Structures are given as structure tokens and as C-alpha cells.
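Please keep the sequence and the model in view while reading.

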Amino acid sequence: MADMLSTGVSGLLASQIGLSTVSHNVANVNTDGYSRQVVSFGARLPEGQGGYYIGTGVNTVAVQRAYSQFLNSSLWSASSGQGRASTMAGLTGQLNNQLSGSNNLQTSLDSFYGAVQDMANAPSDTASRQVLLARAGGLATTFRALSGQFNALSGQVQQQVSDTVDSINSDSQSIAKLNGLIRSSAATDGTPPADLLDQRDALVKKLAGEVGVSVVPQNDNTISVFVGNGQALVTGTEAHALGTAPNIYDATRQEVVGAASGNVLSGRIGGGTLGALLDFRSNVLDPAQAQLGRTAQAMASAFNAQHAQGVDLQGKVGGTFFNVAGPTVQAASTNSGSGTLDASISDIGGLTGKDYVLSYDGSNWSMRDTNGSSIALSGTGTVADPFKAAGLSLVVGGTASAGDSFRVQPSRNAAASFSMAIDDPDKVAAAAPFTATAAAGNTGTGSPSVSISDGSNANLFNASSVVFSSPTSYSIDGGAAQTFTPGQPIVHNGWSMQLSGAPQAGDSFSLQANSNAHGDNSNALMLGKVANLGVLDGGVTSTGRAYSQLVSQVGGAGALAKDDLTTQTAVYNQAMSSQQSVSGVNLDEEAANLVRFQQAYQASAQVISTANSIFGALLSAVRG
């Protein structure tokens, strides 16, 4: 009876463990990261009875997780992809909303050039000139507002980078602590607790959503966690923190670094929320800010150039209409020399929208763009012979030391500075400065057009006469003979005369100041044509087209981000479904197990009761 009792007790205890495990599974059906636990049983060694063996009951071998390392790793990878895609879609969506909102730049450009056309229709009307200045002020406000929104988004990204790094460090510390508990429990009990393993896996999944990680299991039941470039986040019970540090050129821009080493990791982190934040900042927001600034510079350059070709209601040469900032130069915080760098735009059509780094190796200067590509420099870098590259003019001064460098941002901050340079409607230069006519007796086909080459020349508006003594020789106001080359302008007293056709001997052309500046709209008509004037990209891209390119590049990034989010969400859902098919709790299955273990428990209790009854009857018989 003792053997029967022992067997029944073993079955009772085994069923009790089964019931406890099932109840634990049911209780954690909604626990994130929980893996279903399964009880393993094994028969006890039988006892030999002559030529046969009698079983002695059951042992509980283990309570283990229903777990697949492959499926969990796939889920972590999918979590990283979804975290990145979700963050990128959200940020690009914000940027698109800013461009399409109430501060739409295209609307402001259309309104401004509409006002230019209205002024051209009534050049002497003060009201039309005032409306033009109001529209110009609105355009300037739109440029600054968009720049402010871009800067605000940049600040948001900076804060999110810092917050995400803090969260990563917190999760890394928690994983390291769990590593210690798991290792200690495994050393004591032989196997690590399933619930602690689940907690650790859940943290790894969360961490993967924040930054792409690789996980390496160790022989002592701990795991090591690394970010994509090999930077350790967790090794054993030690967490290795990430940190943020100011960019060496811009103290307001935070870079991700290894807290212990100080090495910059920003360019080597691609996965998760942090990877998306860094990617968006470098490859979407920075180019968008540069393109907006390039658009502002193109607008100011083209409009100012044409405005300077006209005269206002007082007959004065048109001055600057719009103000806009030029390139920004930032010295590296690591510079040890006293070198300086001045940068200006020498060719607006040569601007590319990229930033550049000018470096000194102790004897020579070199320049690279944001992609690391080498940019050829011409000139010597002096005031008389500046470096020329990518539409920029660069002058170095002071004494630089080997390793010193400067970052040049040609357009990044230009839109924030865009403003009106005049506030007096009478100063709008709508009229042509000169009238140039061919003499009635000319026999050639020459036809003059005149522009201002130097508006500061004191003799600019003096009347002049150009007389040709031959098709290739002319004199101005009876002066010395000069050689005429077809296609080359005739320059004198700050004006430049271009002749189309072919002049003949005896032909003459007269030039005098425009006496009808109040009613003339010649330059106003030319100002209206600036809307479609090629300025950027070697003179093929207008201001409006540059803004359209900005909208297209941001819209394209947003569309790609949405598509990627759809794809990554599907991948994540599939990975989660696969992982849950193995590790998830199925209530129907657990209900069946509950009945099965309950019946087994009751049966074992009956065995014990039967053994007790038999043993009691036997004792009674012996007592007689």
C-alpha cells in the first residue's frame, strides 16, 4: 500500500503543478511579452519485482517557456523596422503639413508677382505701389515663418534624440540587472526562471524599437546587446550608456556619442526611433532648410538685380529691394589656431544646397561636401584671389593650425533673414533709367538696349552720343576712337549698351536719362518676368521652381515613409503572429488543460483514498 500511496501522491503533486502552471498562463494572457509555460513530466524509475517492474509514479521534470529564439529575433528586427518607419512617417508628415499649410510659399509668390503686374499697369499709382510693398512684406513673412517652423521641428527632433537616448540607457540598465538575476537563479536552481527571461525579452523588444540592436546569447544565460555599429549597450551585468554631445561646429545640435568613449555614433545608427530621428534630421530636414534658404537667396538675388536696372519716382537708381543673409561659417570647436574664414556667394547659380567643410592639413586647404566628396578649389584663399567652389567665394585669414576646419552652410539660415529693404512706395524702381535711340539716318541694322553696369557712377545720367566711323570703330561724345566687337557691350559712365544687328559707318546712337519715370513701366515689366527667370542650377531653375523642388523632395520623402510604414507594419504583424503562435496563451487550450489536470488531480486523490482504505482494512484484519 505504501507504493500505491506514494504513486498517488506523485500524481497529485504533478497535477497540482500542472494546475498552477495553467492558472499562471491564464492570469498572464494579457501580459505583454509573456510566453506560455509548459510542464514536462517524466515517469519515475520502476521497482523490480522478480521478473517484472512496477511503476513508482511521476516526476515533474521542468516548467519551461514555449519559446523560439528565431521567432523572437525576427520580432525584435521587425520592431526595430516599425519603430523607425513610424517615427519617420510622423516627422515627414509634420514637414509636409508645414509646407502645405497657411504659410504656403507658392501662394505668397503668386500674390507678390500679381502685385508687380498691377503696379506695371499703373506705375504712377501710389496705391498699387503700396500694395506691392504689402505683398512683398507678406512674402518675407512667409519665408521667415516657414524657416521658424523648420527650426521648431529641428528643436523637437533634438529633444526627441535626447529623450530616446535616456530611454535606451534606462532599458539597457534594466536588461543588465535582469542578466544578473537570471545568471544567479540559473546557478542556484539549474535553470533560469521563465518569467525573468520573458521580462528581459520584452525589454529587448522595446529597446529594438528605439534603436536597431543585435543580441548575442552567452553561456551563463546572460545576453550581450549591441547597436548596429558594434557599440555595446549591455555586456553581462554591465550597461554601457549612450550620451549626447554638441556638434563640433554647432553647439545647438546634439550628436549621439558613446558616453565612455565620446565617439560620435550619429552616422552609424540606422534602426529604431533613434535611427529615424537622425536620418530625418540629416537627409530630410537639413536639405529642406537649405533648399528653402536657396529659394530665398535666388528670389532676393534675381529681384534685386532687376530692380537695380530701373529708377524710382525721383529718378534715382533702384536700390536693394530684399535683404537676405549669405553663407554661415562655423569654426570647429577643436580648432587650435587663430584662422578665420569669410564666405560669400560669387555665383548664385552654382549653389547646390549642400554644406561644406574646409580643412587645413598644415600646408594645404581642402574642401568636402556633406557626403564626404572632395570639391575642387580654385584660387589661393586671399582677399585678392579667394578660393572659388560651388558658387562660393572663400577668404581665409589668421593663422590656422594643422587639423583646423570650418563648416560653410551657404543657404541653411538664409530664409530666416529674408526681409524688406525699402518701405517707401516711391522708391520702387518701375521705370527704365535711359532712353536710347538710333539716329533716323542710320544705314545699318544696329538696335540699342541699355542697362546699368555701375549705379554709383556720378555721370550715369549724362547724355551721351555714340558715333560709328566704321562698322568696327566708334567714339563716345567725340572722344577717342574705340574698337567695336559685335556681341560685346559698349560701356561708359556706368551704363552698358548692347547692339543687336550690324552698325555701319556714320551710324549714331543717343542716350539720355528717362524723363518719364512717373509713367514708365519698362522695368516693372522686367520685374514681373523675374518670376520665371532661371537663377539656380546654372541659370535653369527659377524661384518658383526651386520651391516646387522643395515641395517635391519633402513630399517624396513623406510618400516613401508612408509606404515603408505600411510595409514594416505588415512585417511586424506577421512576426508577432508567428511568435505568438508558439509563445502566446490560447485560452481554449488552457481551458482544456485545466480540465485535464483537474481530472488527473481528482484521480490521484482517489488513488490515495483507495490506498488509505485498503491499508485501513488490512490493519483491521490484522488486529482481528
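The largest nonpolar core has 96 residues, and those with the most contacts inside it are Phe112, Phe303 and Phe322. Such a core is a set of buried Ala, Val, Leu, Ile, Met, Phe, Trp, Tyr and Cys residues joined through side-chain atoms within 4.5 Å, where buried means under 20% relative accessible area, exposed over 50%, and partly exposed in between, with a 1.4 Å probe and protein chains only. Helix α4, residues 126–189, gives the most to this core, with 17 residues. Apart from it lies another core, of 14 residues, with Ile452, Val466, Ile476 and Phe484 among them.

This is a predicted model, in which local features need pLDDT of at least 70 and side-chain atom pairs count only at pLDDT 80 or more, while totals for chains, interfaces and linings use all residues. Residues are numbered from 1 along each chain as its sequence is written, and side-chain values use heavy atoms, with hydrogens and water left out.

Leaving aside neighbours within four places in sequence, Phe322 is in contact (heavy atoms within 4.5 Å) with residues including Phe112, Ala136, Met299, Phe303 and Phe418.

Phe112 is also one of the buried residues of α3, together with others including Leu105, Leu109, Val116 and Met119. What covers them includes the elements α4, α6, β11, α7 and α8. Helices (H or I, at least four residues) and strands (E, at least two) are DSSP runs, numbered from the N terminus.

Two side chains make these pairings, a polar contact being a pair of N or O atoms within 3.5 Å; within protein, one must be able to donate a hydrogen and the other to accept it, and residues adjacent in sequence count only if both atoms are side-chain atoms.

| From | To | Distance |
|---|---|---|
| Asn104 side-chain oxygen | Gln106 backbone nitrogen | within 2.8 Å |
| Thr541 side chain | Asp537 side chain | 2.7 Å |

Thr541 has its place in the loop between α7 and α8, and is buried, with a relative accessible area of 4%.

As a whole, the chain has 9 helices and 28 strands, and its C-alpha trace spans about 160 × 55 × 40 Å along its principal axes. Of its 624 residues, 42% count as buried.
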